[in-house]
Amino acid sequence: LLLVILLPLTCAAETILGAYIFHRHGDRTPKSIPPVDLTDLGYSEVYSSGQYHRQRYIDSAASSQIAGISADVVVQGQITMSTSDDVTLMNSAQGFAQGLYPPVGDGALSSQILRNGTTIQIPLEGYQLIPVHTVSAGSGSESAGWLQGSTGCANAEASSNQYYTTEEYTTLLASTSDFYKNLYPVVNGTFSAAQTTFQNAYTIYDVLNVAEIHNSSLNTNILTDAVFFQTRTLADNHEYNLAYNASSPIRAIAGATLAAQIVQALNQTISSSGQSKLNVQFGSYGSFFSFFGLAQLPAANSSFFGIPDYASFMTFELVTNSSVTPFPAASDISVRFLFHNGTVSNSSGPIEYPLFGQQQTVLPWTTFADEMNKFAIGTQDDWCVACGNTTGICAIATPSSTSTHTSSISNAVAGVIGAMVALAVVLGVELLVIFFGGLTLRKR
């Protein structure tokens, strides 16, 4: 009788079916002193993050291991790495991948015997290669001083520029004038006196942040801890307002395209019955900021108004309490959002936060997808229309004002249609020749 009473109270243990990680690069050189590149410290940070995520999602001893993921040897179809064509981000992705799947080391996988008996030793102790794909949106570029500078979205750039005409901006520009004048002796090797204002709040902070980490001769008499914190706070305010505005959603184009990529990737995990398991994308702080605003994360915690530190990441986990054999239905799958600011460690892990102004941190998949799709921009045509772009790729994707075009046909489809028409013409000519020429067809 006691067993009968307890059985309904027993729940299946939670299983992680897949995850999407959006990750910031590690420590780098300052943007204002090109070329921008990852430092040794930065490589170490992302490598450590890869090791942490290996322990969390891949290690066979982990209770949070993604169901069915290969624990030792990478299976290319299970993991997707991506970033923009940017040196800092690309190197960060590769460093993370090394920590995620380290070299296989000694054993059968470290050598190969050819048919002629020759033994080939695998180089670099069995280093495992994980391709890093490039994406055109959602990740940004670390070479751009202004976060919208590399999006190419005309309406987003115009919206961001509107911030410079607001009362909030002009008030801060005036009220911080003396603060930046006093700071000038510390940055006069990079900025002129006229440039050392709130207008360049982020690039000034960026130079000071790099110096605070790497420059042993930094003038700390002027740049005290309190002053440095103030430069960080002003940069936070400046960049958040450039990345997001509730009354002008297009300003957050980077977050909108990222949202679409997240939904598409997680949906691929579901539609493939878990064959696709882990997606990792490296991107810039601008994409973080834009997404934070769109997903209403500052309402959950005021820290989301701040620029994410190097090697920060946010994760979207697909979870279920149902059996994974067979793969659960979408109605039995939920999504958990986590964020960690800065380099992760065993003593400092990611924290769950509620999305979209919700109370719970774990949302049903359908709810999550519906909320994300309210602001996600996931197709070229939608991007062109939202951005108001009509040149380049958008000259083809977006119909012109004089066109009576009602539907678009891709080049591939157009080619197939053309081939079918050509084939029909050829067959028609052949039939005419057969009919009027008195020829007959015989089976041989």
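Tutor: Start with a definition: buried means under 20% relative accessible area, exposed over 50%, and partly exposed in between, using a 1.4 Å probe and protein chains only. This is a predicted model, in which local features need pLDDT of at least 70, side-chain atom pairs count only at pLDDT 80 or more, and totals for chains, interfaces and linings use all residues. Residues are numbered from 1 along each chain as its sequence is written, and side-chain values use heavy atoms, with hydrogens and water left out.

Now the bonds. A disulfide is a covalent bond between the sulfur atoms of two cysteines. Here it is called when a pair of cysteine sulfur atoms lies within 2.5 Å. The structure holds two.

Take C153 and C387. Their sulfur atoms are 2.1 Å apart. The angle about the S-S bond is -105 degrees, and the link is left-handed. C153 sits in the loop between β5 (132-134) and α4 (154-162), and C387 in helix α12 (residues 380-387), so the pair ties together parts 234 residues apart in sequence. Helices (H or I, at least four residues) and strands (E, at least two) are DSSP runs, numbered from the N terminus. Both C153 and C387 are buried.

Next, C384 and C394. Their sulfur atoms are 2.0 Å apart. The torsion about this S-S bond is about -80 degrees, so this disulfide is left-handed. The pair links C384 in helix α12 with C394 in helix α13 (residues 393-397), 10 residues apart. C384 counts as buried, at 1% relative accessibility. C394 counts as buried, at 1% relative accessibility.

Finally, the order. Number the bonded cysteines in sequence order, and the pairing is 1-3, 2-4.
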